[in-house]
Amino acid sequence: MSDGDDLQYVTVHGYRRAYRMTGSGPALLLLHGLGCDSSTWDRVIAPLAEHFTVIAPDLLGHGASAKPDADYSLGGYANGMRDLLTILGIDKVTVAGHSLGGGVAMQFAYQFPDRTERIVLVSAGGLGREVTPLIRFLTVPGSGSAISLATRRPWRRLVAGGLRGLSRSRLTATRDLGEVARIYESMADPATRRAVQRVTGHVMDWRGQYITMTDRTYLATIVPVLVIWGADDLVIPVSHAQVARDQKWSDVHVLPGAGHFPHRDRPDDVVRILLEFVASHEPATYRRATWRAMLRRGAQPALDSAPSADSPTVTVAG
């Protein structure tokens, strides 16, 4: 899925990790979603690189990174990002994640609060159970064989072309099919297919996501959090953004005219919102005593109540 022109490589624990790194300034880590790779951010990397050192890796099992029989849990991915950043000499980041990458971003912040300055969640997984049946299907026994058959060469080009054609129809239900076509094509590779299924098996079953961060979202009150969602997301429902609003997170923005990939549907707005968020929220400062007190106290009833006058703004962009 990557064009590979600007990819760099490093070996971490014996496995090749591909990444893009550009720009200068504070570090911004961009984590892609399931079945995608770092090129999903190609419409926002250049403008963001005018303000940040942008690091956009291909997660293990995706893109040009290795696809071993290894740990594909959220915790494993968070560890991998810590190790990559350490090799690159980067101590602290604003971590942004789309879909699966949002779950990894939250896990990274949870495991490494001392290295997390802000969190940006873009149509993120991990905030509720609901997810499209197409992804849940990956957890069903025998789905690997079905996908192998469905992506065979005789009809692969025809199916991918049809999906891309439908994506240009401007219908809400078909908006994301261009990206779906890229994921569909990548699943023809057995190693990619196996890795993607391993990932899904760690976070969901046929009923939906069972690994969520909703039991720990109260910790987000000490780290600035930005949530961006496409109003027409048919993969993970926009109602999951309500979790952030209810729990007094920093900023929630719902973008009309965007589906599951708002950074591709409305890249200028995503860049603007992210820059405004960073400018208006100082980096979190990790204090062990504060973290300990939060863990001991746990979620407070006030965090589960209706939003008050000083709750974060929920913006529906025009």
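How close do the axes of helix H6 (residues 153-167) and helix H7 (residues 177-186) come, and at what angle do they cross? I looked this up first. The model is a predicted one. The two axes come within 7 Å and cross at roughly 165°. Angles over 145 degrees count as roughly antiparallel, so H6 is roughly antiparallel to H7. I noted the crossing as left-handed.

Next I listed who makes the contact. From H6 come Trp155, Arg156, Val159, Ala160, Leu163, Arg164, Leu166 and Ser167. H7 brings Leu177, Gly178, Val180, Ala181, Arg182, Tyr184 and Glu185. I sorted them by class: nine are nonpolar, two polar and four charged.

Then I turned to helix H11. It spans residues 267-280, 14 residues in total. From first C-alpha to last, H11 reaches 20 Å, close to the 20 Å expected at 1.5 Å a residue. Which residues of H11 are buried? I found Pro267, Asp269, Val270, Val271, Ile273, Leu274, Phe277 and Val278. Their cover includes strands S3 (27-31), S6 (116-122), S9 (225-230) and S10 (251-255), along with helices H1 (45-49) and H10 (262-265).

Last, I checked two loop residues with positive phi. His13 has phi near 55°, though it is not a glycine. His13 sits in the loop between strand S1 (8-12) and strand S2 (15-23). Ser99 also has phi near 55° and is not a glycine either. Its loop runs between strand S5 (93-98) and helix H3 (100-111). Is His13 buried or exposed? His13 is exposed, at a relative accessible area of 62%. Ser99 is buried, at 7% relative accessibility.

Key: Residues are numbered from 1 along each chain as its sequence is written. This is a predicted model: local features need pLDDT of at least 70, side-chain atom pairs count only at pLDDT 80 or more; totals for chains, interfaces and linings use all residues. Side-chain values use heavy atoms; hydrogens and water are left out. Helices (H or I, at least four residues) and strands (E, at least two) are DSSP runs, numbered from the N terminus. Buried means under 20% relative accessible area, exposed over 50%, partly exposed in between (1.4 Å probe, protein chains only). The expected span of a helix is 1.5 Å times one less than its number of residues. Contact means heavy atoms within 4.5 Å. Axes are lines fitted to C-alpha atoms, for helices over the stretch in contact, and angles run from 0 to 180 degrees between N-to-C directions. Angles under 35 degrees count as roughly parallel, over 145 as roughly antiparallel, 65 to 115 as roughly perpendicular and the rest as oblique. A crossing is left-handed if the near helix is turned anticlockwise from the far one by less than a right angle, and right-handed if clockwise. Ala, Val, Leu, Ile, Met, Phe, Trp, Tyr, Cys and Pro count as nonpolar, Asp, Glu, Lys and Arg as charged, and the others, Gly among them, as polar.
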